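Visitor: I'd like to go through the side-chain contacts in this one. Can you put it up?

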Amino acid sequence: MNTNTRLSWLSAIVLAAALAFQPAVAQDEAEACDPDIALVLGSGGAAGLAHIAMLRVFEEEGIRPKEIAGTSIGAIIGTLYAAGMSVDEIEALFREFGESALNPFAGLFSGEGPPSLRDLIEIDLGNGSLLDSNRFVEFAAERMDAESFDDLELPMSIVATDFWSGEARVFDSGELLPALRASMAVPGVFAPIESGDDLLIDGGASNPLPTNLVADHDVIVAIDVTGSRRPDSGEQPNISDLLFSSFEIMQQSILRARLREHPADIYIKPGLDDIRMLHFDRVDEILERTRLAARELAERLRELTAQRCAEAPAGSNEN
């Protein structure tokens with residue numbers, strides 16, 4: 001075999017090896033560019049429907065959070081997503097609920113149509129509250145294929161509050177429904193939940209945006225849907241506004257202190273100042289008004305992912 005023939009064979013072998021190795025390198029680089037992101041979904045009543053738009057951004061960007069922590073409405077929507085429901089399915093669930101809220105008697109006297117608000121939430125003054133959330137939680141739970149935390153596709157932490165001690169109670173194992181009921185038990189609105197010797201109320205009373213629960217991840221994305229108030233609205237607050245807004249003020253004070261201790265890498269607060277706790281009939285409006293915040297989240301995620309990919313050593317895997 002002459003020199004030229006040897007060189008040709010050597011070149012062919014090197015080229016074949018390079019081609020064989022290229023997919024493995026590309027796969028390693030793709031893994032290195034998959035940032036370790038945790039998602040925190042805060043409490044805020046119906047304004048929490050904005051979480052649907054935020055999850056849609058993750059879906060469209062092809063990014064799946066490694067863990068979710070949520071409080072109240074954030075716990076519900078986060079759990080539905082962690083259970084494997086698509087964003088479209090979650091939105092459809094809340095549209096069904098919202099449409100029933102528009103007409104309290106829809107489906108009440110016949111077996112047709114979506115369940116009514118009166119079907120889903122019953123007056124429950126005997127238990128120290130205006131409303132009973134059991135039927136709504138069951139309505140949501142029937143649409144997901146998970147009964148316990150072990151059934152979820154993603155790690156999930158749900159926050160409630162111990163009424164007696166005032167301390168946060170974190171659920172990340174066991175049954176899902178009791179944790180969800182406790183997390184959304186807004187004082188005076190939904191009945192508190194008994195758990196052993198504990199009496200549990202809404203997680204927003206102790207930790208409305210639980211960034212501390214996911215502090216071990218490289219990147220924390222936090223969505224704050226607590227309400228805000230405008231003095232130029234031209235209207236005096238009525239008794240329900242005062243009740244709900246006072247709870248929001250308390251949550252915001254706690255939230256600011258928590259964020260100083262455990263800041264988020266990406267913090268998003270949609271502008272939903274006049275959305276009140278039970279405005280679940282305003283799905284379209286909430287999602288439309290969340291567009292700007294969703295665009296901001298998409299841009300921040302792209303910037304962060306590009307930065308992480310640039311910083312990651314070739315062939316390394318951050319996870």
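Predicted model: local features only at pLDDT ≥ 70, side-chain atom pairs only at ≥ 80, totals over all residues.

Visitor: How many aromatic pairs turn up in a search of the whole structure?

Guide: One. Phe163 and Trp164 make an edge-to-face pair, because their ring planes are at 75° and planes over 60 degrees apart count as edge-to-face. The ring centres are 5.0 Å apart.

Visitor: Is Trp164 buried or exposed?

Guide: Trp164 is exposed, at 62% relative accessibility. Phe163 has 45% and counts as partly exposed.

Visitor: Switching to charges. How many salt bridges are there?

Guide: The search of the whole structure gives 14 salt bridges. One of them joins Arg95 to Glu91, with the closest N and O atoms 2.9 Å apart.

Visitor: Where do Arg95 and Glu91 sit?

Guide: Both are in helix H4 (residues 87-102), four residues apart, so about one helical turn separates them. Glu91 is buried at 15% relative accessibility, whereas Arg95 is partly exposed at 25%.

Visitor: Which residues are linked with them in a network?

Guide: Salt bridges link Arg56, Asp88, Glu91, Arg95 and Asp284 in a network.

Visitor: And what about Arg300, which residue does its side chain meet?

Guide: Glu296, in a salt bridge of 4.0 Å from N to O. Arg300 is partly exposed at 27% relative accessible area, and Glu296 is partly exposed at 35%.

Visitor: What does Glu288 pair with?

Guide: Arg291, in a salt bridge of 2.8 Å from N to O. Glu288 is partly exposed, at 46% relative accessibility.

Key
Residues numbered from 1 in each chain as written. Heavy atoms only, no water. Phe/Tyr/Trp six-rings, centres within 6.5 Å; stacked < 30°, edge-to-face > 60°. Buried < 20%, exposed > 50% of the residue type's maximum accessible area, 1.4 Å probe, protein only. Helix = DSSP H or I, 4+ residues; strand = E, 2+ residues; numbered from the N terminus.
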